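Student: I am new to this structure. Please take one part and look at it closely with me.

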Protein chains: 2
Amino acid sequence: MPDSPAAPDFSAQLRSAALRVTQPRVAVLAAVHEHPHASTDALIDAVRGTLPDVSHQAVYDSLHTLTAAGLVRKIQPSGSTARYESRIGDNHHHVVCRSCGAVADVDCSTGHAPCLTASQSHGFVIDEAEVIYWGLCPQCSTAV
Amino acid sequence: MPDSPAAPDFSAQLRSAALRVTQPRVAVLAAVHEHPHASTDALIDAVRGTLPDVSHQAVYDSLHTLTAAGLVRKIQPSGSTARYESRIGDNHHHVVCRSCGAVADVDCSTGHAPCLTASQSHGFVIDEAEVIYWGLCPQCSTAV
DNA sequence: CTCCTTTTCTTGAATGAGTCAAGAAAAGGA
DNA sequence: TCCTTTTCTTGACTCATTCAAGAAAAGGAG
């Protein structure tokens, strides 16, 4: 009996990724969905909202596992601790505020796996192009 | 009397940036030029090659100062510690090996401040687009 | 050239995100 | 329901980076 029809079925996501369904993992997955771009610390707090006694380690482990399984994506702009998001597989990018660290999503404008074409690859086999736009968020740029 | 005509004049660079010319700073600047994309740790070692008794703190301070002055650029791909390079002001990007962490430069292919155009800026005032290409370096991709 | 003020460097301790490790508990197939 | 494997808890630990206080060096003034 699904109690929240609108919410994605996290258990099913875990199962289809061949992962065991555990309370911490479901809670972490839910937290990442609820708080896009949240830091590990913020996620630990969020998870403890529903599961008061999870260890930080369980959250770290879950995040690693979920990231490895591709259910969650880890981003880590310079000067920031690790952040996670649930929007995956659509090759989108991020804008990061230099002042407050706020993060927002940006779709890939150029259309076709755009930035994936490096001018010289130096023999590297490239599989992903990560783009981070740096600047100031509305609040910080207004606060002169 | 310049003893190394080919080498950039680091003292002059410091002076024109209105920074005091100190041995640690000159040595750090030289080390960054000699070892592009080196980690802080590697730079500390390099600097101690010429200045055996510098404290790690002096190197950290110098790197901060030089970065703030724009004489050096800091890059920090996910999962890596801080790295520094002396190639600045030409808006180039990087390829990073997922396996060994090797870094190489990539010029901006699209020509005109390319990636600087985000599709939706969410009200952010964007001043820089940072691109990191992820993949495997020649050695790591060959070592099957 | 010498003095004085300011900036920078040394030394040593502290912070904090993230990891490691051993045993206890939970998941899920037999 | 039992058993094996995976995952979680607990608690210690690592390592890049930062903080802080005093000592030393830089460089302009005289």
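Tutor: Start with a term: a polar contact is a pair of N or O atoms within 3.5 Å; within protein, one must be able to donate a hydrogen and the other to accept it, and residues adjacent in sequence count only if both atoms are side-chain atoms. The model is predicted, so local features need pLDDT of at least 70, side-chain atom pairs count only at pLDDT 80 or more, and totals for chains, interfaces and linings use all residues. Residues are numbered from 1 along each chain as its sequence is written, chains are lettered from A in the order in which they are written, and side-chain values use heavy atoms, with hydrogens and water left out.

Chain A is divided into domain 1 (10-84) and domain 2 (90-144), with bounds from an automatic or database domain assignment. Their C-alpha centres lie 23 Å apart. Domain 1 of chain A gives 6 residues to the contact and domain 2 of chain A gives 10, where contact means heavy atoms within 4.5 Å.

Now the area. About 670 Å² is buried between these domains, and carbon and sulfur atoms give 55% of that. Buried area is the accessible area (1.4 Å probe) that two parts lose on being put together, summed over both. On the side of domain 1 of chain A, three residues stand out: His37(A), Arg73(A) and Pro77(A) supply 68% of the area it buries against domain 2 of chain A, more than any other three residues.

Last, the polar side. Across this interface, 3 residue pairs are in polar contact, both residues at pLDDT 80 or more. The count of salt bridges between the two domains is 0; a salt bridge is a side-chain nitrogen of Lys or Arg within 4 Å of a carboxyl oxygen of Asp or Glu.
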